[in-house]
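This report looks at charged side-chain pairs and at one helix in detail. Please have the sequence and the model open while reading.

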Amino acid sequence: MDLMTSCESILSRVWVILSTGDMMEVKWKEQVKKSKDNPSLIKATVLTFWPEYGYLALLVFINETAIRLGQPLLLGRLLMYFRPNSQVTNQEALIYASGIAILNLVYAISVNQFLFDAFYYGMKVRVAMCSVIYRKALRLSRTALGDTAPGKIVNLLSNDVNRFDLVSVLIHMMWASPLVAMIVGYLLWLEVGWAGFVGIVVVFTVVPLQCDAFLYPSNKIDMSAPQSISNRSRRVDSVYL
């Protein structure tokens, strides 16, 4: 019975992943009807997978605000116990130390769950994109299909769609990092006043400098990337020919 239950669970997950292609195609057709000249693939993706990314956003919010920021706050209260003439009792110090250990354990579990779900949802998006591309290729006429290089389609299905795996993990840092920075800045202002913003200003100053330092090498990489993709597409085309 356990083996049958495991097989049924795996098959149900596979069916859910495969059915995302149907959902994605429906949302894509809606975008095509709204704007035939310039349909938005981003809107179709958001409308299809917003529950999954909303769940990941909730995990990131809990991990970055409640758990990670709770650890240094408890650590600060614990260090006050070792000050001379401290008003923190031994029982309170034990509570703070236990809280730090519990938060570390919860953070390890929650981060592991976030990474697992993020790569799983990224795989769902990848499968949905591959399904839409494959169905579009089947609907193309011989003339249109002859004008489309097979290497480009293979490159889309094998290389470009893999970016969705990383997007599912990193996209939430775009809003979580500024939020954590504002919360940390407010806590520093409560503790040390305006002097706490000096460190934050230094961090936000170094980031643009790093971007400028790597600007020209990144531009060279960006310029060489289309050429390498074009060469790879020609090699794939030669194989099909």
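Which side chain meets D165 in a salt bridge?

The model is a predicted one. In it, the partner of D165 is R126, and the N to O distance in this salt bridge is 3.3 Å. D165 sits in helix α6 (residues 163-170), while R126 belongs to helix α3 (residues 90-139), so the pair ties together parts that are 39 residues apart in sequence.

How accessible are the two ends? D165 has a relative accessibility of 14% and counts as buried, because the cut-off for buried is under 20%. R126 has 22% and is therefore partly exposed.

## Salt bridges within helices

The structure holds five salt bridges. One of them joins K29 to E25, with 3.8 Å between the closest N and O atoms. Both residues lie in helix α1 (residues 2-34), four residues apart, which means that about one helical turn separates them. An α-helix has 3.6 residues a turn, so residues three or four places apart point the same way.

Accessibility differs along this pair. K29 is partly exposed, at a relative accessible area of 45%. E25 is buried, at 11%.

E64 pairs with R68, and their closest N and O atoms are 3.2 Å apart. The spacing is again four residues within helix α2, so E64 and R68 are about one helical turn apart. E64 is buried, with a relative accessible area of 13%. R68 is partly exposed, with 42% relative accessibility.

What caps the N-terminal end of α2? The residue is S40. A side-chain oxygen of S40 lies 3.2 Å from the backbone nitrogen of K43.

Helix α2 covers residues 41-80 and has a kink of about 70° at F49.

## Summary

Two of the salt bridges described here lie within a helix: K29 with E25 in α1, and E64 with R68 in α2. The D165 and R126 pair instead connects α6 with α3.

Note on methods:
Residues are numbered from 1 along each chain as its sequence is written. This is a predicted model: local features need pLDDT of at least 70, side-chain atom pairs count only at pLDDT 80 or more; totals for chains, interfaces and linings use all residues. Side-chain values use heavy atoms; hydrogens and water are left out. The bend at a residue is the angle between axes fitted to the seven residues ending there and the seven starting there. A polar contact is a pair of N or O atoms within 3.5 Å; within protein, one must be able to donate a hydrogen and the other to accept it, and residues adjacent in sequence count only if both atoms are side-chain atoms. A salt bridge is a side-chain nitrogen of Lys or Arg within 4 Å of a carboxyl oxygen of Asp or Glu. Buried means under 20% relative accessible area, exposed over 50%, partly exposed in between (1.4 Å probe, protein chains only).
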